[in-house]
Amino acid sequence: MNHRGIALALIAPALLVVALFFIAPLIMSAVQAFHGKDGGFTLEHFVKSFDFYGRDLLFTLAIVILSTLLIGIVAIAIAGYLTLGANARAVAVLRWLYRWPLFIPFVVAGQVMRTFLAKNGMLNHVLIGSGLIEPLSAQSLLDWRGIVIAFVWKQAPFVTLLLAGAMASLEAQHVEAARNLGAPRWRVLYDIVLPQVRGTLLVGLVLSFVTMLSVLSVPLMINPNSPTMVTVDVAYRINTHGDYGVANALCLLSLALSAIGAAFYLRHASQSSAKASP
Amino acid sequence: MKVRHLVPVALFALAASAFAQTTLNVVTAGDQNMVDYVNNYLAPKFEAANPGVKVRAVGTGPGDGGSQKIYEKLSAQQKAGSAEWDVDVAVIHQLASATMVNEKLLMPYRNDIAAGKLVSRDTAKNALGANVDGYVLPMFHSQIAFAYNPDMVKSPPKSFVELNEWVKKNPKQFGYNGVKGGMSGVGFVTGWVSAYSGLSDKLEKGPYDASSQAAIDKALGGLKEFNQYVVMTPGNAGTLDMLNRGEIAMGPVWVDMFYTWQADGRLNPKVKLELPSPGLPGQPMYYVIPAKAAHAALAKKFIELAESPEVQAEGIVKQFNWYPGIDPQFVQPKLDQASWNKLFTDISPADLSKYGRPFPLSPYFKEITEGYERVVSK
C-alpha cells in the first residue's frame with residue numbers, strides 16, 4: 001500500500017464518525033427544514049419561524065453580541081493586569097480566582113444566577129444591606145440582563161485564559177521599552193500588548209460567540225418567556241408541539257448566525273497562515 | 001483471589017439474577033415526583049407482593065413533551081413491526097392518549113381489572129374530546145389554582161374580570177410563566193381565553209370550528225394588555241419561588257406542587273389557594289398499557305394495585321397531595337380525616353367541581369398556544 005492509502009486508512013475511522021454523527025444529521029436537519037407535510041418542498045417553516053420567532057432571533061443576536069463585547073473587555077482587563085500588574089500578591093490572588101467559573105457547567109451557572117439575581121435575591125440583599133440602593137428600587141435582573149451576566153461570568157475566564165497565555169509569551173522588551181519612555185500601563189496594554197495578541201483575542205471571542213449561541217440551559221432557567229433565545233424556541237417546538245419542521249428551520253437560522261463567527265475565524269486563520277508562510 | 005478472577009464470577013452472578021427476575025418497565029411522563037412516586041412508593045409494594053419481579057421506572061420529562069417522547073418510542077416500535085414492545089406500563093397526559101388510542105398503540109384493559117369499576121369522572125372516557133373509553137385509568141387528577149399571599153392580598157380576586165382590575169391597581173404583583181415555561185402558565189392562558197372569548201363550552205366540548213379563531217385572538221389581545229401589568233416567571237417552580245420570596249403576591253400554580261412545597265418547608269406556610277370563576281383547567285395523568293407490552297398480565301396487576309383505594313388514599317392523596325384518580329367516595333374511608341381535610345382546606349369539593357375544568361380540545365389547545373405566540377408574545 002502506498003503512503004496515500006495508509007494515510008487515508010488512518011483517518012478513515014475519524015472521518016466516518018464525523019460524517020455519520022455530524023454531517024449526516026446536519027444535512028437531514030437542513031433537508032427537513034424545507035420538507036412540507038405533503039412531502040414536497042416548502043418555505044412554510046421559515047415563514048412561521050420569522051413570523052413567530054423573528055424577534056427572538058434578533059434578541060439572540062443582540063444578547064450574544066453584547067455578551068461577546070463585555071467578555072472581551074473583562075478578559076482584556078484581567079489578562080492585562082495579570083501581565084502588567086505591579087502588586088505581586090494581587091496578581092497571584094486574581095490568577096487563582098478568575099478561573100473558577102471555567103469549571104462550572106452552564107446549567108449550574110443558570111441555577112446560581114436564578115437565586116442570585118432575583119428581586120429579593122442575594123445581590124439585592126447585599127446592595128440594600130450596604131445602603132447602596134433603597135429596598136423599593138430593587139429590581140429583578142432575571143431578564144436579558146441575567147442572561148448576559150451569566151454568559152459573561154461563565155465565558156470571560158475562558159477568553160482570559162487564552163489571552164493571558166498569549167500575553168505571557170510576548171517578549172518583555174517591548175513593554176519595558178515603553179515603560180522606560182514613560183508610558184502609563186494602560187497605554188502599554190492598549191498600544192503595545194493588545195495589537196500583538198489580537199489574533200488570540202479574536203479566536204477566543206469567536207469560540208465564545210458560537211458557544212453562547214447554542215446554550216439552552218441559561219435562557220431556559222433565567223428567562224424562558226418572550227423574548228427569549230432561539231434555543232428555547234427550538235426545544236419548545238419539539239417538546240410541546242412535536243414540530244420538527246419549524247425546529248429545524250430555527251436550527252438552520254441559528255447556524256447562519258454562527259456562520260458569521262465562523263467567517264471571522266476562517267478569515268483570521270487564513271491571514272495568520274499566510275503570514276506564517278511568506 | 002485476584003480481582004481478575006472475580007470479574008467472571010461477578011458477571012455470572014449478575015447474569016443469573018437477570019434471568020431469575022422479570023423486569024416490569026414503567027415509563028412515566030411528568031416531573032421528577034412521578035418517577036419518585038413509582039420508584040419509592042409503588043415499586044416496593046408491588047415487588048413485595050410479586051417475588052421475582054423488578055419494577056424499573058423511567059421518567060421522560062415534564063409536560064406534554066414527556067408524553068410525546070413515549071408516543072414516539074411506541075410509534076417507532078409499531079412501525080418497525082416489533083412483536084414485543086419494551087414498555088409495560090406508561091403514564092401519559094391527555095393530549096398524547098388521544099393520539100395513541102387513535103393510532104392503535106394502546107391495549108383496552110379497564111374491564112379486565114376490578115379497579116376499573118371505581119372510576120367515575122368523565123376523564124376516564126374522554127380525553128380532550130377524544131374517546132379513550134376502556135384504554136385509560138386516571139392515576140390522579142391535578143388542578144391549577146391561584147396561590148396568593150394573604151399578607152399582601154387581603155381579598156383575592158374571585159374571577160378573571162376581577163383579576164384584570166386588580167393587576168391594574170397592583171402592577172407587577174401577579175406573576176405567571178407564559179406558555180413555554182410549564183403547564184401552570186399554559187393553563188392560565190387557556191383559562192383566560194375561556195373566560196374572555198365566551199367560548200368556554202365550545203372549547204371543552206367541541207365540535208372544533210376554525211372560525212372561532214377570531215374570538216380567541218380577541219381574548220388574547222386582552223391578555224397582551226394584561227401582561228403589561230404582570231411579571232413573567234421562569235417556570236412552574238419559578239412562580240412558587242417568587243411567591244415564597246415575596247416578589248409577587250399571586251400566581252397560578254399546580255395544587256399538588258403547592259401542597260408538596262408547603263409540606264417540605266419550601267413555601268411560606270401562610271400562602272393560600274383560590275380557584276377563580278369561571279375556572280382554571282386541571283388534568284389527570286393516565287395509566288395505559290401499550291398494545292404489545294411484553295408483560296401485559298403483570299402490567300394489569302400493577303395498575304390494579306395502583307388504583308386500589310388503599311394506594312390511592314395513602315400514596316396519591318396523603319403522600320403526594322394529588323386528587324384521587326378513582327371516585328373519592330372509595331378513597332375517603334381509607335384515610336384519616338386530617339389528611340382528607342388538608343386536600344380541601346382552601347378549595348372546597350364544591351368549588352372544585354364547579355370551577356375545575358378540563359383543558360380545551362386539542363385543536364383549540366394548539367390554536368390558543370400558537371395564538372399566544374402570534375398575538376401576545378410579538
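Author: Two strands are taken to pair if DSSP finds at least two bridges between them; strands are DSSP runs of E with at least two residues, helices are runs of H or I with at least four residues, and both are numbered from the N terminus. This is a predicted model, in which local features need pLDDT of at least 70 and side-chain atom pairs count only at pLDDT 80 or more, while totals for chains, interfaces and linings use all residues. Residues are numbered from 1 along each chain as its sequence is written, chains are lettered from A and ligands numbered from 1 in the order in which they are written, and side-chain values use heavy atoms, with hydrogens and water left out.

Reader: Which residue in β11(B) stands opposite B:H141?

Author: B:H141 stands opposite B:P284. β6(B) and β11(B) pair in the antiparallel sense, over 6 bridges.

Reader: And how many residues of β6 of chain B are buried?

Author: Strand β6 covers residues 137-148 of chain B, and 12 of its 12 residues are buried. Buried means under 20% relative accessible area, with exposed over 50% and partly exposed in between, for a 1.4 Å probe and protein chains only.

Reader: What does B:F146 pair with in β9(B), and what stands opposite B:F146 in β10(B)?

Author: In β9(B), the bridge partner of B:F146 is B:P252; in β10(B), B:E274 stands opposite B:F146. β6(B) is joined to β9 (residues 250-254) by 5 antiparallel bridges, and to β10 (residues 272-274) by 3 bridges, also in the antiparallel sense.

Reader: Moving to β3 of chain B, which way do its residues point?

Author: B:V89 and B:V91 point one way from β3 (residues 89-92), B:A90 and B:I92 point the other way, and all are buried. The strand runs parallel to β1 (residues 22-28) of chain B, with 3 bridges, and B:V89 is the partner of B:V26.

Reader: Which residues have the most contacts inside the largest nonpolar core?

Author: They are B:Y37, B:F174, B:F188, B:L223, B:F226, B:Y287 and B:F302, in a core of 138 residues. Such a core is a set of buried Ala, Val, Leu, Ile, Met, Phe, Trp, Tyr and Cys residues joined through side-chain atoms within 4.5 Å. A second, separate core of 46 residues includes A:A150, A:A156, A:L163 and A:F209.

Reader: What does B:L223 touch?

Author: Leaving out residues up to four places away in sequence, B:L223 touches B:Y176, B:F188, B:V189, B:W192, B:Y372 and B:V376. A contact here means heavy atoms within 4.5 Å.

Reader: A change of topic: how many helices and strands does chain A have?

Author: Chain A has 11 helices and 0 strands. Of its 278 residues, 38% count as buried. Its C-alpha atoms fill a box of roughly 75 × 75 × 25 Å, taken along the principal axes. Among contacts in chain A between residues at least 6 apart in sequence, 71% join residues at least 24 apart.

Reader: In general, where do nonpolar side chains tend to be in soluble globular proteins?

Author: They tend to be buried together.
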